[in-house]
Amino acid sequence: MNNSNCNTKLQNSSSTALQVKDPLYSAIIVNIVFNSCLCYTTIMLNIVTIYALRRTSSLPKPFKTLLLSLAASDLGVGLLGQPLRLAYLDVKLQCSLSNRPILVASTRVILNIFYLSSFCSVMALSVDRFFAIQKPLRYQDLVTHRRVAIAVIGIWSVSALLGLSFVFVLPGKITIVIILIIESVCFIATTWSSYKIYITARQHNIQIQSQTRRNSGMLNIVSLRKSAQSTLFIYVAFWVCYLPHFILTGRLIHAGRTMTLSTLNHFFGTLVLLNSCLNPVIYCWRIRNIRHAIIETLRNIRRGK
């Protein structure tokens with residue numbers, strides 16, 4: 001008995017030593033620590049942002065609805081996506097295989113749903129601001145609150161359907177190809193609309209400098225320009241976080257999984273999750289009404305109200 005116990009201890013210590021030497025072991029540890037801190041921050045920032053958005057009445061209803069959709073997706077990442085990913089990394093670290101298939105499937109479904117809803121919400125925000133700044137006189141007729149609400153319901157329904165299909169119905173390679181196609185379409189659409197927004201906002205800036213600010217039409221242009229520029233910042237932050245993972249996914253199809261690509265996959269996956277924490281910061285920084293509502297909310301929390 002004593003010899004067998006000693007042998008078992010030696011085997012456990014040797015396996016632990018092997019795990020420490022594994023490059024993925026260090027990558028997993030770093031990702032667990034970072035995601036643990038990021039999870040709480042993401043949840044709190046998005047809860048405060050959603051509350052502030054609901055209290056802000058000066059924003060156009062379609063624009064606010066789309067921002068709420070994106071904030072809800074970011075909150076879902078913090079509440080469900082990151083805890084599941086942390087549990088998956090912990091199971092992988094401990095080399096536990098008992099609940100791993102269920103955990104992997106759950107993590108993939110949840111993250112796919114929120115990833116897809118984020119993609120479509122950012123694209124919808126870009127299109128909304130494109131119409132607002134390109135066709136300001138027809139904007140209220142083209143982009144109604146009812147149409148935006150239907151679009152948001154459609155985004156979440158399709159995201160849930162695809163998220164489940166990618167895990168339980170479609171093969172892995174087909175799933176990756178479909179995701180890459182969706183990401184490519186969103187990237188092209190948001191890039192094109194954001195470029196047009198940038199050009200139009202720049203032209204409006206020249207008009208503002210050449211005319212007096214007493215003109216109510218100019219005040220409206222200033223407001224549209226600021227909201228459009230806020231969308232541009234959301235777009236840039238989104239693709240800074242998502243593009244490395246997008247490129248790596250395409251690389252994995254051709255090269256397969258190597259130690260280097262697997263390590264990068266962990267870090268790029270965390271970079272994608274970081275985007276859900278950055279969006280509330282952008283709202284607070286770029287949109288004055290939301291910033292004031294968030295500050296007032298934080299003051300009320302501090303006072304104990």
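**Entry 1: Ala201**

I looked up Ala201 and found it buried, with a relative accessible area of 5%. I use buried for under 20% relative accessible area, exposed for over 50% and partly exposed for what lies in between, with a 1.4 Å probe and protein chains only. This is a predicted model, in which local features need pLDDT of at least 70 and side-chain atom pairs count only at pLDDT 80 or more, while totals for chains, interfaces and linings use all residues. Residues are numbered from 1 along each chain as its sequence is written, and side-chain values use heavy atoms, with hydrogens and water left out.

Ala201 sits in helix H7.

**Entry 2: the fold as a whole**

I then counted the secondary structure: ten helices and zero strands. Helices (H or I, at least four residues) and strands (E, at least two) are DSSP runs, numbered from the N terminus. Read from the N terminus, the elements go α-α-α-α-α-α-α-α-α-α.

The protein has 305 residues, and 44% of them count as buried. I also checked how far along the chain the contacts reach, a contact being heavy atoms within 4.5 Å. Of the contacts with a separation of 6 or more, 79% join residues 24 or more positions apart.

Which residues does Ala71 touch, not counting residues up to four places away in sequence? I found Asn46, Ile50, Leu53 and Tyr283. Ala71 belongs to helix H3 and is buried, at 0% relative accessibility. Thr49 is 22 residues from Ala71 along the chain, and their C-alpha atoms are separated by 7.3 Å.

Thr65 is in helix H3 as well. I have Thr65 down as buried, with a relative accessible area of 18%. Not counting residues up to four places away in sequence, Thr65 touches His145, Val148 and Val152.

Is Arg54 buried or exposed? Arg54 counts as exposed because its relative accessibility is 65%, over the 50% limit. Its place is in helix H2, residues 23–55. With neighbours within four places in sequence left aside, Arg54 is in contact with Lys64 and Leu68. I also noted Ala293, which is 239 residues from Arg54 in sequence and 9.4 Å from it in space, C-alpha to C-alpha.

Ile247, in helix H8, counts as exposed at 54% relative accessibility. Leu180 is 67 residues from Ile247 in sequence, and the two are 9.1 Å apart, C-alpha to C-alpha.

**Entry 3: the largest pocket**

Rolling a probe the size of a water molecule over the atoms shows where empty space is left. I looked up the largest pocket and wrote down a volume of about 1,100 Å³. On a 1 Å grid over the protein atoms alone, a pocket is an open set of points where a 1.4 Å probe fits, with protein on both sides within 12 Å along at least five of seven lines; lining residues have an atom within 4 Å of a point. Grid points are joined across faces, edges and corners, and the volume is the space filled by probe spheres set on the points.

The lining has 34 residues, and those nearest the centre of the pocket are Arg108, Asn112, His245, Arg257 and Asn265. Two or more lining residues come from each of helices H3 (61–93), H4 (100–134), H7 (172–210), H8 (216–255) and H9 (259–286). H4 gives the largest share, eight residues.

I sorted the lining by residue type and got 17 nonpolar, eleven polar and six charged. Here Ala, Val, Leu, Ile, Met, Phe, Trp, Tyr, Cys and Pro count as nonpolar, Asp, Glu, Lys and Arg as charged, and the others, Gly among them, as polar.

Side chains of opposite charge can pair when their charged atoms come close. How many salt bridges does a search of the whole structure find? I found one, taking a salt bridge as a side-chain nitrogen of Lys or Arg within 4 Å of a carboxyl oxygen of Asp or Glu. Asp128 forms it with Arg129, and their closest N and O atoms are 2.8 Å apart. Both Asp128 and Arg129 are buried.

My search of the whole structure for disulfides gave zero, a disulfide being a pair of cysteine sulfur atoms within 2.5 Å. For Cys277, the nearest cysteine sulfur is that of Cys241, 9.8 Å away. Cys277 is buried, with a relative accessible area of 9%. Cys39 is buried too, with a relative accessible area of 11%.
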